[in-house]
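Hi,

Here is the structure I promised to pass on. Have a look at it first, and then read my notes below.

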Amino acid sequence: MDESPADEAGHTGEVALSFDPARMADDARLRFIGRLRTPWSRGNCPKNLREARERGGVFRVEIDPPFRAGLAGLQAGQPVILLYWTGAARRDLIVLSPSHRDGPTGVFALRAPSRPNPIAVAVVRVLALDLLAGVLTVDALDAFDGTALLDVKPWLHSVDIPPAQA
């Protein structure tokens with residue numbers, strides 16, 4: 001690993017890999033299934049879902065036609081997990097210096113979009129569902145408008161809550 005003096009925002013202590021994972025990636029054969037529609041763009045995007053909920057807006061998940069039948073069984077009111085691709089983010093940073101931490105922190109301990117595989121996750125609530133149009137209206141999103149969607153999964157209380165610490 002090579003020490004990077006600073007990223008574009010001027011964060012010191014960040015560490016970049018000596019290679020770009022995007023140039024050396026195995027072909028996972030991913031297919032985007034839709035996109036996220038938000039009021040956000042570079043410069044005004046909230047840092048997380050809590051902030052997005054506080055700021056408010058209209059948030060939609062648009063599913064491409066071949067995948068719309070996969071929405072059968074989802075209902076308004078239920079929580080879902082969205083996996084999406086933050087492909088504009090840097091992929092070579094392995095240690096970041098976020099402003100909310102006291103010092104450099106590994107990407108696997110952060111939710112930052114900059115990571116070897118720029119996959120983000122959001123747990124959101126479905127507010128409305130239009131199966132025919134393939135549109136989920138959700139309570140919040142913290143991604144740029146047009147962000148590529150990888151998957152939608154139901155959030156299951158009996159599965160997705162880790163056991164209590166001993």
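This is a predicted model: local features need pLDDT of at least 70, side-chain atom pairs count only at pLDDT 80 or more; totals for chains, interfaces and linings use all residues.

Let's start with Val 61: leaving out residues up to four places away in sequence, Val 61 touches Arg 35, Leu 36, Leu 82, Gly 134, Val 135, Leu 136, Val 138 and Leu 149, where contact means heavy atoms within 4.5 Å.

Residues are numbered from 1 along each chain as its sequence is written, and side-chain values use heavy atoms, with hydrogens and water left out.

**The core**

Val 61 belongs to the largest nonpolar core, which has 25 residues. A nonpolar core here is a set of buried Ala, Val, Leu, Ile, Met, Phe, Trp, Tyr and Cys residues joined through side-chain atoms within 4.5 Å. Buried means under 20% relative accessible area, exposed over 50%, and partly exposed in between (1.4 Å probe, protein chains only). Leu 36, Val 61, Leu 82, Val 124, Leu 136, Leu 149 and Val 152 touch the most other members. At least two residues each come from α2, β4, β5, β8 (119-130), β9 (135-138) and β10; helices (H or I, at least four residues) and strands (E, at least two) are DSSP runs, numbered from the N terminus. The top contributor is β8, with four residues. Another core, of nine residues, lies apart from this one and includes Val 15, Ala 16, Leu 17 and Leu 110.

**The barrel**

Six strands close into a barrel, in the order β3-β4-β9-β8-β5-β10, with antiparallel pairing. Two strands pair if DSSP finds at least two bridges between them. Strands β3 (residues 34-37) and β10 (residues 148-154) are joined by two bridges, and in β10 the bridge partner of Gly 34 is Leu 149.

**Aromatic pairs**

How many aromatic pairs are there? The count comes to two, taking rings of Phe, Tyr and Trp (its six-membered ring) with centres within 6.5 Å; planes under 30 degrees apart count as stacked, over 60 as edge-to-face and the rest as tilted. Phe 32 and Trp 85 have ring centres 6.3 Å apart and planes at 50 degrees, so that pair is tilted. Phe 32 sits in the loop between α1 (21-24) and β3 and Trp 85 in strand β5 (residues 79-85), so the pair ties together parts 53 residues apart in sequence. Phe 32 is partly exposed, at 38% relative accessible area.

Trp 40 and Phe 59 are tilted too, because their ring centres are 6.1 Å apart with planes at 35 degrees. Trp 40 is in the loop between β3 and α2 (49-55) and Phe 59 in strand β4 (residues 59-63), 19 residues apart. Trp 40 is buried at 6%, and Phe 59 is buried at 1%.

**Two polar spots**

Thr 105, in strand β7 (residues 105-106), counts as buried at 11% relative accessibility. A polar atom of its side chain lies 3.1 Å from the backbone oxygen of Gly 103. That is a polar contact: a pair of N or O atoms within 3.5 Å, where within protein one must be able to donate a hydrogen and the other to accept it, and residues adjacent in sequence count only if both atoms are side-chain atoms.

Asp 160, in helix α3 (residues 157-160), is partly exposed at 32%. The side chain of Asp 160 reaches the backbone nitrogen of Leu 156 at 2.7 Å.

Cheers
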